[in-house]
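Below is what I looked up, in the order I looked.

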Amino acid sequence: MTETNHKLTPEEIGQLWIAFKEHGNKEAKDELLIHYGYLVKWIVRRMMPKYNDYNEYDDLVSCGTIGLIDAMDKFSLKHEVKFETYAVTRVRGEILDYMRSQDWASPSLRKKISAITSAYDEFEAQKPGQIVDQDVADKVGLPVEQVHKVLNQSHMFNLINFEDALGSGGSEAEIRAVDDKSPEEELLEKEKKTILVDVIDALPEKERMVISLYYYDGLLLKEIADILHVTESRVSQIHSKVLTKMRTKLEKVM
């Protein structure tokens, strides 16, 4: 494998793609794999908050690398989309598939997540956009600090379930062209987007900012925490709470 000590230029990247795709050059493929490796680490960092006490980072990077290799093999130079855009979806799908196969929440934690989710759903129906964490804590019979702790622990759990509610099957389903979708699928996707926009618009300012910075600006939870002058743990709490709201709304149209 050829090591590169400098940042590849667009021209060099283009030449490597031609060597790999048109001539089957393995060294060119290896160089491209090294070059695009940052995508995998970036995606894993976004999906797994740095503070969480998980030992799964290396496993997720390995899964993401498998997705990256698959994306490279299937990518066509004739595609009217940048490889990075194509690869991110495939890498994310591979990681999500792995995450779905893991037990990210114990039965007792799942029970607490379910109770807290139901409480947020109930209060959301009563006073949209005005939920107070203390009200939820009182409802489920836990200290508010414990509710926050559960939200921290449920980050991965909520992320997976939110993706499932969106209908992101990962792998091939995620990279399917829009033209391949049936009219029914197009209509459902449009309805989901409308629901998500309505939910986001109704969020309190801080929650709306977290979602905007995370999904639209592509920032990491740590970077958002720095902007809002709060801990990364607090940003994760807010993110998990909003995902819970969105998932509940989406599941009603499934």
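My entries go from the whole fold to single residues.

**Entry 1: the fold**

I began by reminding myself that this is a predicted model. I looked up the secondary structure and got 14 helices and zero strands. Read from the N terminus, the elements run α-α-α-α-α-α-α-α-α-α-α-α-α-α. The protein has 254 residues, and 43% of them count as buried. I then checked how far along the chain the contacts reach. Taking contacts between residues at least 6 apart in sequence, 70% join residues at least 24 apart. For the accessible surface I noted about 13600 Å², with 52% of that belonging to carbon and sulfur atoms.

**Entry 2: confidence**

The average pLDDT of the protein is 80, and 81% of the residues score at least 70. Which elements have the lowest and the highest mean pLDDT? Helix α10 (residues 171-174) has the lowest, at 42, and helix α2 (residues 26-35) the highest, at 96. Over residues 169-179 the pLDDT stays under 50, and the model has 23 contacts beyond four places in sequence for this stretch.

I followed up on Phe83. Its neighbours within four places in sequence aside, Phe83 is in contact with Trp17, Tyr36, Leu68, Ala71, Met72 and Phe75.

**Entry 3: aromatic rings**

I counted ring pairs and found eight aromatic pairs in the structure. One of them is Trp17 with Phe20, a tilted pair at 6.0 Å centre to centre and 40° between the planes. Where do the two sit relative to each other in helix α1? Trp17 and Phe20 are three residues apart in helix α1 (residues 10-23), so about one helical turn separates them. I checked burial too: Trp17 is buried at 6% relative accessible area, and Phe20 is buried at 11%.

Another pair is Tyr214 with Tyr215, which is edge-to-face, with 4.7 Å between the centres and 75° between the planes. Are these two buried or exposed? Tyr214 is buried at 1% relative accessible area, whereas Tyr215 is partly exposed at 32%. I also noted that the charged end of Arg46 sits over the ring of Tyr214, 4.0 Å from its centre.

Then I traced the linked rings. Ring pairs join Trp17, Phe20, Tyr36, Phe75, Phe83 and Tyr86 into a cluster.

**Entry 4: single residues**

Glu84 was my next stop, in helix α5. Leaving aside neighbours within four places in sequence, Glu84 is in contact with Tyr36, Tyr38 and Leu39. Glu84 and Leu39 are 45 residues apart in sequence, yet their C-alpha atoms are 7.8 Å apart in space.

I looked at Tyr120 in helix α6 (residues 107-126). Tyr120 is buried, at 2% relative accessibility. What C-alpha distance goes with the 124 residues in sequence between Tyr120 and Thr244? The answer is 8.0 Å.

Glu223 belongs to helix α13 and is partly exposed, at 37% relative accessibility. Ten residues along the chain separate Glu223 from Leu213, and their C-alpha atoms are 9.0 Å apart.

**Entry 5: a backbone angle**

Last, I looked up phi for His229. It is near 60°, a positive value in a residue other than glycine. I wrote the background beside it: most residues other than glycine have a negative phi. His229 lies in the loop between α13 (221-228) and α14 (232-251). His229 is exposed, with a relative accessible area of 73%.

How values were computed: Residues numbered from 1 in each chain as written. Predicted model: local features only at pLDDT ≥ 70, side-chain atom pairs only at ≥ 80, totals over all residues. Heavy atoms only, no water. Helix = DSSP H or I, 4+ residues; strand = E, 2+ residues; numbered from the N terminus. Buried < 20%, exposed > 50% of the residue type's maximum accessible area, 1.4 Å probe, protein only. Contact = heavy atoms within 4.5 Å. Areas by Shrake-Rupley, 256 points an atom, 1.4 Å probe, with all protein chains shown as cover. Phe/Tyr/Trp six-rings, centres within 6.5 Å; stacked < 30°, edge-to-face > 60°. Lys NZ or Arg CZ within 6 Å of the ring centre and 35° of its normal. pLDDT = per-residue confidence, 0-100.
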